[in-house]
Amino acid sequence: MGFPALSLVVLVALLGPLLALPRRWHLPLVLGELVAGLVIGRTGFGLVDASDETFTFLADLGFALIMFVAGTHVPVRDARIRRALGRGAIRFGVTAVVSVLLGLGIAALFGLAHAPLYAVLLASSSAALVLPIVDGLRLGGPQVLQTIAAVALADTAAIVALPLAIDPAHAPRAALGALAVGACAVVLFFVLRQGERSGIRRRIHTVSEDRLFAVELRVQLAVLFALAALATLTHVSIMLAGFSFGLAVSAVGEPRRLARQLFAITEGFLGPLFFVWLGASLNMRELAVNPAMIGLGVALGFGAVLSHAVGRFLGAPLPLAVLACAQLGVPVAAATIGTQNHLLAPGEASALILGALLTIAATTVSGAFAARNFTVAEDDANRPATTSPSSAPPPEATPQAPAAGDVSS
């Protein structure tokens with residue numbers, strides 16, 4: 001991959017901000033970037049080669065950073081979210097049961113052996129998509145907090161379960177790899193917390209900011225890439241490495257300056273490059289050749305809406321229940337892993353993305369309805385849902401990075 005192709009990729013990725021510009025649409029940046037990739041890749045004019053080693057490696061870097069930033073968006077430190085975890089866990093549990101039943105039915109209907117994968121997709125959610133919508137629409141109240149808790153649980157559980165579900169034949173190996181990556185993330189949490197309590201992190205931050213060393217960014221990237229290397233060696237997706245490290249950072253509290261730096265490098269270059277690469281690697285023409293895959297995508301999309309809509313029977317308002325069905329990170333990861341490892345049938349990766357796009361449409365509509373009844377006052381809206389007086393970090397820290405345009409997994 002040369003500079004002309006790289007320039008083209010960065011240029012066409014601007015379609016993301018263009019489509020997301022109208023605020024009332026609440027469209028994520030990644031939608032336009034995926035469409036751009038489809039146009040210049042295998043589906044469209046074939047202007048870039050998604051199999052190019054350099055392009056693929058840069059996309060992997062972007063994938064790791066995207067999942068790391070998504071992990072930092074999970075509101076681990078918010079005391080209000082923790083209090084809502086009980087009801088949120090019940091909602092997620094019921095959704096998971098319904099998703100397993102629907103996943104088995106969809107797999108049987110289309111004659112495919114990916115029922116575990118479909119169940120994970122149907123039960124998944126995306127904190128990186130839902131939280132910006134909640135903030136943008138100024139939604140608040142106990143029901144909204146329970147929805148956020150359910151989304152966070154679904155997001156985390158799906159990312160952990162996906163490597164096991166997509167390749168059941170190697171599930172024991174993937175489980176051991178996931179345990180190794182998770183254990184490292186736990187160790188990193190305690191190391192980061194000790195550095196915060198001892199004041200070492202603050203002293204490094206002061207010197208780095210004063211001398212423009214960007215030490216924190218360098219250390220975070222080094223740790224992230226080391227975890228990604230461990231994941232690769234243990235045959236686990238780098239998705240889990242990035243997300244688990246992001247959770248550890250979120251639990252400790254991420255400095256605002258570091259969040260801005262990571263936001264810049266991720267959303268300004270590597271993130272868009274990954275989504276353009278993903279779009280370029282998909283061949284949506286396979287849907288025309290395999291019409292059944294169109295039906296699979298529609299079934300996955302509506303199945304996800306139905307799985308989360310059962311929250312209505314647990315007392316959640318229907319708009320908020322459907323709001324939780326938004327997914328992109330997990331289907332994107334499934335399409336990426338499945339394509340790279342040749343685990344999916346022709347057109348199946350495109351069907352996964354089609355299903356995810358349908359959930360985004362459903363979430364956009366449900367968000368508009370939720371805004372009619374669950375909008376909070378201006379003062380409350382300005383207070384992020386991921387902070388609280390009892391758990392607020394020091395003045396220079398914040399538990400989450402900028403939320404615009406990010407993805408979960």
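Student: Over residues 55-76, what percentage of the chain is helix and what percentage is strand, and how far apart are the end C-alpha atoms?

Tutor: Happy to! This is a predicted model, with local features needing pLDDT of at least 70 and side-chain atom pairs 80 or more, while totals for linings use all residues. Numbering starts from 1 along each chain, and side-chain values use heavy atoms, without hydrogens or water.

Residues 55-76 come out as 82% helix and 0% strand, with 34 Å between the end C-alpha atoms.

Now look at the largest pocket (open grid points, 1 Å grid, 1.4 Å probe, protein on both sides within 12 Å along at least five of seven lines; lining atoms within 4 Å). Its lining has 26 residues, and Thr232, Val236, Ser237, Ile238 and Gln340 are the ones nearest the centre. Helix H4 (53-72) gives two or more residues to that lining, as do H9 (142-166), H10 (171-198), H12 (215-233) and H18 (329-340); helices are DSSP H or I runs of at least four residues. By type, the lining holds 16 nonpolar residues, seven polar ones (Gly counts here) and three charged ones.
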